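This briefing walks through the surroundings of the ligands and then turns to a few individual residues. Please keep the sequence and the model at hand while reading.

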Amino acid sequence: MARGGKRNVERMYRHLPTAVFAVLLAALAALPGWSDTLIGDPVAGANDPILGSKHDFTGLNRRAGVFAMPGVAFSDYGNPCVYCHLPPEKAEVDETKEGAIPDWNRFYPATDAYRLYDSTYMDSKTRTPSPISLLCLSCHDGTMGVDMVVFPPTDFDSAQDEALHMRIHGADDVVSCGKCHNGRVAHDISIKHIGTDLRNDHPISMRYAGLLRADEDFRLPDTPEGFNNGVRLYEGRVECASCHNVHNPEKDLLLRADSDLLCQTCHTK
Ligand code: HEC
Ligand code: HEC
Ligand code: HEC
Ligand code: HEC
Ligand code: HEC
């Protein structure tokens, strides 16, 4: 699998003297959970369990058994991975220059629109969501089309691009999936719409309070990457993907642990 992460970092720090850069790169690479840019290569991912799941946007119409969606709901790019990952031919670009979330093929949401979880009881403040959570929010906050990627695959014929880019939103209008997904024509999509007000959701993008046994209400993770049952930390933080794994549809709602065990993976009470 092609991986462009190291090169991306090199580009970011190219103005720094080489020695400083080498130290920085080593430090970055040593960070727990620091990841390379993952490239959405459909050949390498031919057997990926994401295929046929809710996040496979190329097969949806066939699976749903309806042809209501083509031409209306979203552009079919042929490559199921590029709705999130950079296409392989864009592995070397500086995606952030084109307005992308670092490492992902999605536009950077308007982060000042988010209302973040806050509580005086928290050890660690939530802040602007991290890139890996912005990825999820770029669809689930309902502000951008599901097919609004920064780089469509190069072999995609732009004449096939849809004029309307529909969003995960329950509204009855031509830019919202809710046009059909209202519980009558098709299943209700509004429950998948998290919105930009995150105060009623589990806090994200804060440092995990159980690191270094900082807080006895939280368990010590098994490794810097998280817990042996699959619940993950990203650079020591809790993110959407700590609890959900879009690549593993085995459990309901793509959860990483059975829902009765999920919370106590981290919380001791
Ligand atoms: C809905 C968004 C989305 C789509 C579509 C998607 N991915 Fe991912 N992918 C992710 C996220 C998020 C992660 C990070 C998950 C993690 O850290 O466990 C990831 C991780 C990966 C990884 C690293 C897995 C690991 O365990 O380190 C590979 C490889 C990958 N994706 C390839 C693909 C391929 C190939 C496709 C298409 C068949 C694809 N992805 C489609 C979001 C997506
Ligand atoms: C990956 C670890 C993790 C998992 C899994 C997890 N939490 Fe949390 N949770 C945290 C952290 C960290 C905080 C913030 C605590 C702090 O900084 O004081 C938190 C905060 C909370 C808060 C807010 C508390 C406050 O002080 O305002 C609630 C409520 C909560 N979690 C409920 C849940 C529930 C319910 C589940 C299961 C669905 C769950 N958590 C799963 C790590 C986790
Ligand atoms: C490219 C757009 C897109 C991105 C990016 C995306 N999702 Fe989704 N997600 C969807 C759509 C569309 C659905 C299906 C909605 C429906 O069933 O009505 C969905 C469904 C889900 C579901 C419900 C699954 C079920 O079985 O009903 C969860 C949970 C979820 N997404 C979490 C995530 C997380 C976590 C991320 C980030 C790692 C993410 N999504 C990134 C578009 C996206
Ligand atoms: C013109 C009507 C229409 C529009 C617009 C539409 N859908 Fe659908 N969709 C359907 C119908 C009908 C079904 C099949 C019945 C069902 O699953 O509820 C369906 C099924 C689905 C499924 C289930 C597929 C499966 O295999 O489980 C998902 C996910 C989905 N649509 C997502 C979306 C998203 C995301 C949008 C907006 C970007 C959208 N749809 C827009 C009509 C539509
Ligand atoms: C602490 C664990 C945790 C975190 C963090 C988390 N979720 Fe969830 N999520 C859950 C659980 C548990 C459910 C199912 C129960 C519920 O709806 O509250 C769920 C439900 C969902 C659903 C499906 C709603 C439905 O019923 O179909 C979506 C979509 C979703 N989450 C997306 C996200 C996104 C996007 C983020 C980050 C902004 C996120 N989640 C962060 C645990 C989490």
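Which helix gives the most residues to the shell around ligand 3? The answer is α4, with four residues, where helices (H or I, at least four residues) and strands (E, at least two) are DSSP runs numbered from the N terminus. The model is predicted, so that local features need pLDDT of at least 70 and side-chain atom pairs count only at pLDDT 80 or more, while totals for chains, interfaces and linings use all residues. Residues are numbered from 1 along each chain as its sequence is written, chains are lettered from A and ligands numbered from 1 in the order in which they are written, and side-chain values use heavy atoms, with hydrogens and water left out.

**Ligand 3**

- Around ligand 3 there are 20 residues, of which Lys54, His55, Cys136, Cys139 and His140 come nearest; a residue counts as near when one of its heavy atoms lies within 4 Å.
- This shell is made up of 13 nonpolar, four polar and three charged residues, where Ala, Val, Leu, Ile, Met, Phe, Trp, Tyr, Cys and Pro count as nonpolar, Asp, Glu, Lys and Arg as charged, and the others, Gly among them, as polar.
- An N or O atom in the side chain of Lys54 is 2.7 Å from an oxygen atom of ligand 3, which is a polar contact in the sense used here (a pair of N or O atoms within 3.5 Å; within protein, one must be able to donate a hydrogen and the other to accept it, and residues adjacent in sequence count only if both atoms are side-chain atoms).
- A polar side-chain atom of His187 lies 2.7 Å from an oxygen atom of ligand 3, and a polar side-chain atom of Lys192 also lies 2.7 Å from an oxygen atom of this ligand.

**Ligand 1**

- Ligand 1 is surrounded by 17 residues, the closest being Cys81, Cys84, His85, Tyr234 and His247, and its shell divides into ten nonpolar, four polar and three charged residues.
- The side chain of Arg232 has an N or O atom 3.1 Å from an oxygen atom of ligand 1.

**Ligand 2**

- Among the 19 residues around ligand 2, Asp123, His202, Cys263, Cys266 and His267 come nearest, and the shell holds 14 nonpolar, four polar and one charged residue.
- Helix α6, residues 259–266, gives the most to this shell, with three residues.
- An oxygen atom of ligand 2 is 2.8 Å from an N or O atom in the side chain of Tyr117, whereas a polar side-chain atom of His202 lies 2.8 Å from a nitrogen atom of the ligand.

**Individual residues**

- Asn79, in the loop between α3 (60–64) and α4, is buried with a relative accessible area of 7%, given that buried means under 20%, exposed over 50% and partly exposed in between (1.4 Å probe, protein chains only).
- Asp217 is found in the loop between β1 and β2 (237–238) and is partly exposed, with a relative accessible area of 25%.
- Although Asp217 and Thr268 are 51 residues apart in sequence, they are 5.1 Å apart in space, C-alpha to C-alpha.
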